Amino acid sequence: MISVVCVAQGNYEGRVVDYVERLHDMVRRNLEAGFAGRFVVLTDRPADFAALAGVECQALPDGLTGWWAKMALFEPKRFARGERVWYFDLDTAITGSLEPLFAYPGAFGLLEDVYRPGGYQSSIMSFLAGMPLVDSIWEEWQAHGRPKPLGGDQAVLETFWREWLPQRIGGAPYGPDFLQALYPGRLRSYKVDCVWGVPERTAVVFFHGQPRPHEITTGWVPMVWAVGGGSAAELVKVGTVAQDQVLANVADALTHGYDELASSDPHERLAVICGGGPSLTDQRFQIAALQGGGAMVFSTNQADAHLRVAGITANFHVMLDARRQLAEWVNPGGAKLYASICDPTVLARGAAAGKLGIWHPITDGIETIAPAGAMLIGGGSTVGLRAMALAFAMGFRRLALFGFDSCYQGDVHHAYAQPLNDGEKVLDCIVAGKRFKAAPWMASQAQDFRELATLLIAQGCEITVHGEGMIAAMADAMSRGTETLTFDGIAWPAHDVAERRVVARGLKDLESYIGRCKERRTAVQAGGNVGLFAKALAKSFRTVYTFEPDALNWQCLDLNVSESNVVKRHCALANAPGVAGIAREVGACGASAIAQGDEFEVITIDSLKLGAVDLLQLDIEGYELFALQGAEATIRRCAPLIVVELKGLGRRYGYEDSAVHEFLTHLGYARIGVAHRDVIYERTAS
């Protein structure tokens, strides 16, 4: 028999019953024959679940709170010997059939940490209960005094497998199964894989850090994470053709002697690149005029036929998709630039209809098939973005984009009929103060455009986006460098392409060390960036002080942070009051640094005269030592847990990381751990 188990300790922000009920419903509706096993919640509040039919409650042992409540899963005699247990965190979304996963035969499986290859992630686990291996997890934890290391229960499991178990059995260390390796594509991270949609074959989406499922109000999550909701099959992001078939297409393409695209030297000719957005219809006259003046027109997918209606034959027709149906989009005349992943029928028809040149897109596994030294083309999630990268490879440094809307016009999603997109889900997106309606793939394309355009501009490209769509608004905001973009409710500086990639990891690190705080009255955090750290801390601390000097970051922080227990300050921290300027790094809103100037106020933490500080977290690009010096009295009085990012940036101000260590050691602190480049210090001496 299979038992599906979750842990509900505390009231989970007043949503504990709601979370359990939704998980129970998602499990039941994603098993083909229904759920014949048990659904068990380990809880300290059994009365809360009395009205939930089909939910069995078991009491948690005394003293297990927070992360550590999960350790009760391994308590001997908790479940019958040999009983198959599948554990899911409460904030898990079941998006497809669980049948393949529930056939797992192993003794113990869990997730591999998405940010730490080889690390353990315990959001989802499966094991045979009552067996000596599983019982010994609890026994060893008890024998070692129930340690509570940074990293929570996951750190305990790593210690068990790598230290305690080898000592116990007198053998070489070995580990549990990683479930993602056994079931590729079935278990995915929301932040890494599923923000804009759910890839094909996904059965379970696990959440870590923020946001939690109830905080996501648009896109696929509210439809799936609900009692009586559906599967996410209709929200597949990509996956029209299996990856093994994609690579087989590449291998076949290399047997026909097709010309392969080679890079060209830069030149001044204009590339007019045409996507399929609704605005393309009204832009065709201008496109024809540019082509008549010597510009080279690149059409994509069905935009090629739409241009021909207006008498425009593109100089190059670009296609990327591996589906055979795209053969219908091949028209006579003009050169064909088709990806090597295209179906053999598409390539053959392209070769017959005009001069064909193939190119190799970056995709999983292509490096094992493409010829040595072949040029691989990246650029983003859609054919229009790849066409931009292609034009760059062909030497074009002036790009004019038409039909690059990435949004609806009214209820219209393309310049031509494309039933595939009829009825798709839409998101509300705000760019430069303008609101747009966009499908998840459109929002993803807009984000990818921002990154690609930043890279191309850095390489000397001039990019003009025509029309009034979301990408045009984004390009305008990027050019002015003073606007914000809002996606999924979070405002970001328009120029940023780097911070969003790393902030999720930082928020996860935050979770790993706030458990070390003896009390959670006040947290002081800098730099505030766009406010996501302050928002996360506000869930755990009575009061949060956050500081951000950069004007555009501050604008975003002020928009994003509405929590009443957060005190927001547009200033910097140092060892003396004054004024300072900012040195900004293009493309990375998290890398701004203090410089000469008078853009903003500089204060000391001591000047705030805070009565209690339980956490002091500083990530201020090399200015950490000065902020600590300006907090010395507060540190001596309050003995907060201190977390500082140390990556050698103090050299720009004349000190090494060791100076921070020496300063804190002098105040009675010892280094107790690290979380990537954040170093954690705790007061050990008075």
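This tour moves through a predicted model, one selection at a time.

**Whole chain**

Start with everything shown. The protein chain has 20 helices and 33 strands. Of its 686 residues, 57% count as buried. Colour by accessible surface next: the chain exposes about 27,600 Å², and carbon and sulfur atoms supply 51% of that area. Now turn to contacts. Among those in the protein chain with a separation of 6 or more, 64% come from residues 24 or more positions apart.

**Strands β1, β2 and β3**

Select residues 2-8, 38-43 and 56-59. These are β1, β2 and β3. Strands β1 and β2 run parallel, joined by six bridges. Pick S3 and look across to β2: its bridge partner there is R38. Then move to the pairing of β2 with β3, which is also parallel and has four bridges. Here T43 has A59 as its bridge partner in β3. Five of the six residues of β2 are buried, so the rest of the structure largely encloses this strand.

**Aromatic cluster**

Show the side chains of F74, F108, F127, F160 and W161. Ring pairs link these residues into a cluster. The structure holds 19 aromatic pairs. Zoom in on F160 and W161: the ring centres are 5.5 Å apart and the planes meet at 85 degrees, so this pair is edge-to-face. Both F160 and W161 are buried.

**Charges over rings**

R162 lies over the face of Y120, 4.9 Å from the ring centre. For another such arrangement, select R397 and F392. The charged end of R397 sits over the F392 ring, at 3.7 Å from its centre.

**Loop at R146**

Go to the loop between α3 (132-143) and α4 (152-169), where R146 is found. R146 is not a glycine, yet has a positive phi of about 50 degrees. Most residues other than glycine have a negative phi. Is R146 buried, partly exposed or exposed? Its relative accessible area is 27%, so R146 is partly exposed.

**Helix α12 and A391**

Select residues 383-393, helix α12, and pick A391 within it. A391 is buried, at 0% relative accessible area. Which residues does A391 contact, leaving aside its neighbours within four places in sequence? They are A271, I273, F298, F396 and L399.

**Helix α13**

Select residues 440-458. This is α13, with 19 residues. From first C-alpha to last, α13 reaches 28 Å, close to the 27 Å expected at 1.5 Å a residue. Of its 19 residues, 14 are buried, so α13 is largely enclosed by the rest of the structure. Step just past the helix to G460, which takes a positive phi of about 100 degrees.

**Loop between β24 and α16**

Finish between β24 (522-526) and α16 (532-538), in the loop that holds G527. The peptide bond from A526 to G527 is cis, with omega near -10 degrees. Most peptide bonds are trans. N529 lies in this loop too. It has a positive phi of about 55 degrees, although N529 is not a glycine. With 9% relative accessibility, N529 counts as buried.

Notes:
Residues numbered from 1 in each chain as written. Predicted model: local features only at pLDDT ≥ 70, side-chain atom pairs only at ≥ 80, totals over all residues. Heavy atoms only, no water. Phe/Tyr/Trp six-rings, centres within 6.5 Å; stacked < 30°, edge-to-face > 60°. Buried < 20%, exposed > 50% of the residue type's maximum accessible area, 1.4 Å probe, protein only. Lys NZ or Arg CZ within 6 Å of the ring centre and 35° of its normal. Helix = DSSP H or I, 4+ residues; strand = E, 2+ residues; numbered from the N terminus. Pairing = 2+ DSSP bridges. Contact = heavy atoms within 4.5 Å. Areas by Shrake-Rupley, 256 points an atom, 1.4 Å probe, with all protein chains shown as cover. Expected span 1.5 Å × (residues − 1).
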